[in-house]
Amino acid sequence: MSGDRTLLGFDYGLKSIGVAIGQEVTASARPLLALKANDGVPDWQQIEKLLKEWQPELLIVGLPLNMDGTEQEISRRARKFANRLHGRFGVRVELQDERLTTTDARARLFEAGGYKALGKDAVDAVSAQLIIESWMESRY
């Protein structure tokens with residue numbers, strides 16, 4: 001059933017988790033919102049609401065790595081978040097290397113609207129969009 005799935009992407013962070021929606025059929029994604037997180041723990045009810053609303057077949061969680069590809073503490077936490085998503089909701093989850101997505105997101109937002117477009121929530125949501133886009137690019 002690949003090729004026409006709805007994807008929900010997450011840019012995991014300790015204070016905020018960016019969320020984006022993507023469609024394989026159009027190979028496109030768009031930022032949705034940023035969820036507040038308390039030391040990396042989201043409000044699971046908000047995530048459940050998003051899953052009910054969008055009914056994604058696949059969740060993509062950005063995996064923050066060091067530039068040399070090694071893992072760091074936040075990588076372990078992002079993996080744990082991905083495992084919890086799968087465990088709680090039974091939806092398939094894949095991890096996607098997210099090196100440079102925040103930098104790319106800032107550049108994209110700045111191009112679109114200057115400094116005022118660079119709010120943290122916007123950056124996190126666009127980072128989630130870029131995670132979905134890079135996942136699709138690596139597969140098609």
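Select strand E2 and strand E3 (residues 28–38): the two pair in the antiparallel sense over 8 bridges. Strands here are DSSP runs of E, at least two residues long, numbered from the N terminus, and two strands pair if DSSP finds at least two bridges between them. The model is predicted, with local features needing pLDDT of at least 70, side-chain atom pairs counting only at pLDDT 80 or more, and totals for chains, interfaces and linings using all residues. Residues are numbered from 1 along each chain as its sequence is written, and side-chain values use heavy atoms, with hydrogens and water left out.

Stay on this pair and pick Val-19; its bridge partner in E3 is Leu-33. Then go to the turn: E2 and E3 form a hairpin with 4 residues between them. Ala-27 in that turn has a positive phi of about 50 degrees.

Next, colour E2 (residues 16–23) by burial, where buried means under 20% relative accessible area, exposed over 50%, and partly exposed in between (1.4 Å probe, protein chains only). In E2, 7 of the 8 residues are buried, so the strand is largely enclosed by the rest of the structure.

Leu-7 has Gly-22 of E2 as its bridge partner, and Phe-10 has Val-19 of E2.

In E1, 6 of its 6 residues are buried. Thr-6, Leu-8 and Phe-10 lie on one side, with Leu-7, Gly-9 and Asp-11 on the other.

Finish with strand E5 (residues 58–63), paired with E1 in the parallel sense over 4 bridges. Select Gly-9 to find Ile-60 of E5 opposite.
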